[in-house]
Amino acid sequence: CDTNIKGKYDSPNFSDLSTFKVPDFCFSCGKAYPWTEIRMAAVKELADEIENLDESEKEQLKGSIKELIMEGPKTSLAISRYKKLMGKAGKFAYEEMKTLIVEIVSSTVKKSLFD
């Protein structure tokens with residue numbers, strides 16, 4: 001949409017000690033930035049590799065990924081579905097998926113998924 005990406009303001013006369021999180025989605029149109037698209041694609045590819053899930057379950061898992069990231073009305077359902085499917089997927093798949101997911105979901109979703 002050609003809207004400037006909001007980010008950290010650098011000024012030579014001001015020392016900012018806060019941390020800055022690179023945004024995942026455009027604040028104007030809601031579209032995922034390229035780095036977010038790459039992470040989501042990696043999560044979906046990993047879902048396809050999980051041997052303990054059938055094709056239908058893999059599709060359900062992949063469909064839940066965007067809801068986990070965007071946080072909307074279906075996020076609670078996505079959290080429940082993710083937990084159920086990853087429980088069936090096994091410990092190795094769970095740990096690998098967690099490594100990818102934690103980079104792209106909010107702290108609220110992380111808490112619901114992994115605490």
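The axes of H2 and H3 come within 9 Å of each other and cross at roughly 140 degrees, where axes are lines fitted to C-alpha atoms, for helices over the stretch in contact, and angles run from 0 to 180 degrees between N-to-C directions. The two helices, H2 and H3, are therefore oblique to each other, given that angles under 35 degrees count as roughly parallel, over 145 as roughly antiparallel, 65 to 115 as roughly perpendicular and the rest as oblique. This is a predicted model, in which local features need pLDDT of at least 70 and side-chain atom pairs count only at pLDDT 80 or more, while totals for chains, interfaces and linings use all residues. Residues are numbered from 1 along each chain as its sequence is written, and side-chain values use heavy atoms, with hydrogens and water left out.

**Helix packing**

- H2 passes H3 in a left-handed crossing, a term for a near helix turned anticlockwise from the far one by less than a right angle, with right-handed used if the turn is clockwise; helices (H or I, at least four residues) are DSSP runs, numbered from the N terminus.
- On the H2 side, Glu57, Gln60, Leu61, Ser64, Glu67 and Leu68 meet Thr75, Ala78, Ile79, Arg81, Tyr82, Leu85, Met86 and Lys88 of H3, contact being defined as heavy atoms within 4.5 Å.
- The residues of this contact of H2 with H3 divide into seven nonpolar, three polar and four charged, where Ala, Val, Leu, Ile, Met, Phe, Trp, Tyr, Cys and Pro count as nonpolar, Asp, Glu, Lys and Arg as charged, and the others, Gly among them, as polar.
- The axes of H3 and H5 come within 10 Å and cross at roughly 35 degrees, and H3 passes H5 in a right-handed crossing.
- Thr75, Ile79, Tyr82 and Lys83 in H3 meet Val109, Ser112, Leu113 and Phe114 in H5, a contact that by class has five nonpolar, two polar and one charged residues.

**Nonpolar core**

- The largest nonpolar core has 26 residues, of which Leu61, Leu68, Tyr82, Met97 and Ile101 touch the most other members; such a core is a set of buried Ala, Val, Leu, Ile, Met, Phe, Trp, Tyr and Cys residues joined through side-chain atoms within 4.5 Å.
- Helices H1 (34–49), H2 (55–70), H3 (75–89), H4 (91–101) and H5 (107–114) each supply at least two residues of this core, and the largest share, six residues, comes from H3.
- Leaving aside its neighbours within four places in sequence, Leu68 is in contact with Thr75, Ala78, Ile79, Tyr82, Val105, Val109 and Leu113.

**Individual residues**

- Lys62, which lies in helix H2, is buried, with a relative accessible area of 14%, since buried means under 20%, exposed over 50% and partly exposed in between (1.4 Å probe, protein chains only).
- Not counting residues up to four places away in sequence, Lys62 touches Lys44, Ala47 and Asp48.
- Pro34, found in helix H1, is exposed, with a relative accessible area of 54%; Pro34 and Asp24 are 10 residues apart in sequence and 8.6 Å apart in space, C-alpha to C-alpha.

**Backbone angles**

- Most residues other than glycine have a negative phi.
- Glu71, in the loop between H2 and H3, has a positive phi near 55 degrees and is partly exposed, with a relative accessible area of 38%.
- Asp2, in the segment before H1, has a positive phi near 65 degrees and is exposed, with a relative accessible area of 81%.
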